Amino acid sequence: MSEINLGIIGAGGIAKEHLKVIHSLRTVNLIGITSRTLSKAEELAKTFHIQNIYNSVDDLTNKCALDGVLVLVSADQIYNVAKKLLPLGVPTFLEKPPGILLNETQSLAELADKHGTKNMVGYNRRYYSIFHKGQKIIENEGNILGLEVEGHERFWRIADRSITQKVIENWIYVNSTHTIDLLRFFGGEVENINTLTKRIKEKKGDQFVASMEFKSGSLGTYRSHWYSPGGWSVTLFGNGVTVKYKPLEKGVYIDTNLKEHQILPDQVDIKFKPGFYRQMENFISLIRTGSLNHPGVDLSDSIMTMRLAEMFVHA
Ligand SMILES: NC(=O)c1ccc[n+]([C@@H]2O[C@H](COP(=O)([O-])OP(=O)(O)OC[C@H]3O[C@@H](n4cnc5c(N)ncnc54)[C@H](OP(=O)(O)O)[C@@H]3O)[C@@H](O)[C@H]2O)c1
């Protein structure tokens with residue numbers, strides 16, 4: 001199989017997690033990296049044997065024959081970097097959120113469409129092996145009847161971090177879209193939704209509750225209280241079986257005798273940041289075949305998740 005040449009933009013914590021995965025893939029070659037602070041790119045290049053370090057995104061794209069590129073920059077920079085890249089037609093992986101606001105994500109989706117650029121957005125929870133195993137356990141007994149997602153943020157910690165005001169103000173798009181996306185991953189498209197939003201401090205809301213019906217007929221609920229320690233969890237209700245992930249990285253199913261059984265993760269979700277290995281496999285497959293396989297999300301699809309978030313903001 002021919003080698004895939006990948007370029008990396010960004011040299012922070014998440015770039016390192018992606019690089020651990022890519023470094024383990026035999027048919028992928030790390031051809032170049034660039035980042036805002038060059039010394040960090042140099043450090044990663046040394047650790048992961050990346051061939052070339054470039055001063056800028058333009059340098060990377062002009063000087064490398066890229067088969068694919070990963071945009072792993074800070075949340076408030078993804079949109080700006082993606083705007084430059086998408087017209088080049090190189091298959092592009094974007095960390096979330098592609099745009100901090102819905103209209104930014106929409107304009108990126110239009111740009112990708114216009115230039116026929118294959119793309120993928122990094123909603124890595126969709127690739128958790130325990131999620132796929134849990135879905136099978138439910139489906140063995142019939143349809144999924146309902147699901148419950150709890151997406152409590154640790155917002156008291158966010159305000160202390162050195163992140164921009166725009167990111168803080170739009171945290172629902174920047175981070176809560178991870179858990180909002182899980183509604184769509186497990187339930188499919190939403191048919192009806194009722195949302196309630198409270199604003200303790202944040203203009204766009206910091207307490208969210210929703211009840212919904214999916215097109216499949218399943219019922220769903222979502223709860224998120226940003227100042228209450230609770231973490232993220234998902235419960236799936238099936239016929240005679242309930243599957244629970246609390247935290248998301250630990251799965252159990254409960255049988256009709258109320259006995260709990262563990263759902264164990266695959267090795268790749270233990271060795272690497274959960275979901276990252278299969279997510280990268282999907283991106284490589286997108287580069288090779290030109291089509292994005294389930295459970296991948298592209299820019300157009302991520303708009304649907306952002307629209308759900310927008311419903312909370314406008315409730
Ligand atoms: N999927 C997940 O579970 C998950 C988890 C965490 C984060 N993320 C996402 O991943 C992205 C990166 O997060 P992180 O935690 O790695 O952040 P980080 O540690 O702040 O790293 C971001 C990196 O991008 C560089 N950068 C910023 N703007 C740039 C630009 N315009 N051009 C080139 N390089 C630029 C930064 O340079 P400096 O060194 O100069 O700052 C830094 O090296 C964020 O968008 C975040 O939302 C996803």
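A salt bridge is taken here as a side-chain nitrogen of Lys or Arg within 4 Å of a carboxyl oxygen of Asp or Glu. The legends below describe a predicted model, in which local features need pLDDT of at least 70 and side-chain atom pairs count only at pLDDT 80 or more, whereas totals for chains, interfaces and linings use all residues. Residues are numbered from 1 along each chain as its sequence is written, and side-chain values use heavy atoms, with hydrogens and water left out.

**Figure 1. Salt bridge between Asp301 and Arg184 and the network around the pair.** The side chains of Asp301 and Arg184 approach to 2.6 Å, N to O. Helices (H or I, at least four residues) and strands (E, at least two) are DSSP runs, numbered from the N terminus. Asp301 is partly exposed at 22% relative accessibility, while Arg184 is buried, with a relative accessible area of 6%. Here buried means under 20% relative accessible area, exposed over 50%, and partly exposed in between (1.4 Å probe, protein chains only). Through shared partners, salt bridges join Arg126, Asp181, Arg184, Glu189 and Asp301 into one network.

**Figure 2. Salt bridge between Asp181 and Arg126.** The closest N and O atoms of the two side chains are 2.6 Å apart. Asp181 lies in helix α10 (residues 177-187) and Arg126 in the loop between β6 (119-121) and α6 (129-139); the pair therefore ties together parts that are 55 residues apart in sequence. Both partners are buried: Asp181 has a relative accessible area of 1%, and Arg126 one of 6%. A search of the whole structure finds twelve salt bridges.

**Figure 3. Salt bridge between Arg223 and Glu148.** The closest N and O atoms of this pair are 3.8 Å apart. Arg223 is in strand β10 (residues 219-225) and Glu148 in strand β7 (residues 146-151), so that distant parts of the chain, 75 residues apart, are linked. Arg223 is partly exposed at 34% relative accessibility; Glu148 is likewise partly exposed, with a relative accessible area of 22%.

**Figure 4. Strand β2 and its neighbours β1 and β3.** Seven of the seven residues of strand β2 (residues 28-34) are buried. Strand β1 (residues 4-9) pairs with β2 in the parallel sense over six bridges, where pairing requires that DSSP finds at least two bridges between two strands. Gly7 has Gly32 of β2 as its bridge partner. From β1 the chain passes through helix α1 (residues 13-23) to β2 in a right-handed β-α-β crossover; right-handed denotes that, with the strands pointing away from the viewer, the path from the first strand over the helix to the second runs clockwise. Three bridges pair β2 with strand β3 (residues 52-54), again in the parallel sense. Ile33 stands opposite Ile53 in β3. The crossover from β2 through helix α2 (residues 38-48) to β3 is a right-handed β-α-β unit.

**Figure 5. Strand β4 between β1 and β5 in the pairing pattern.** Strand β4 (residues 68-71) is covered on both faces, with Gly68 and Leu70 buried on one side and Val69 and Val71 buried on the other. Four bridges pair β1 with β4 in the parallel sense, and Ile8 stands opposite Leu70. Strand β5 (residues 92-94) runs parallel to β4 and is joined to β4 by three bridges. Leu70 stands opposite Phe93 in β5. The chain crosses from β4 through helix α4 (residues 78-85) to β5, and this β-α-β crossover is right-handed.

**Figure 6. Interface of domain 1 and domain 2.** The protein is divided into domain 1 (4-124) and domain 2 (127-271 + 298-313), with bounds from an automatic or database domain assignment. The domain centres, taken over C-alpha atoms, are separated by 27 Å. In domain 1, 23 residues are in contact with 21 residues of domain 2, contact being heavy atoms within 4.5 Å. The area buried between the domains is about 2000 Å², of which carbon and sulfur atoms give 67%; buried area is the accessible area (1.4 Å probe) that two parts lose on being put together, summed over both. Ile100, Leu102 and Tyr123 supply 35% of the area that domain 1 buries against domain 2, more than any other three residues. One salt bridge is found across this interface.
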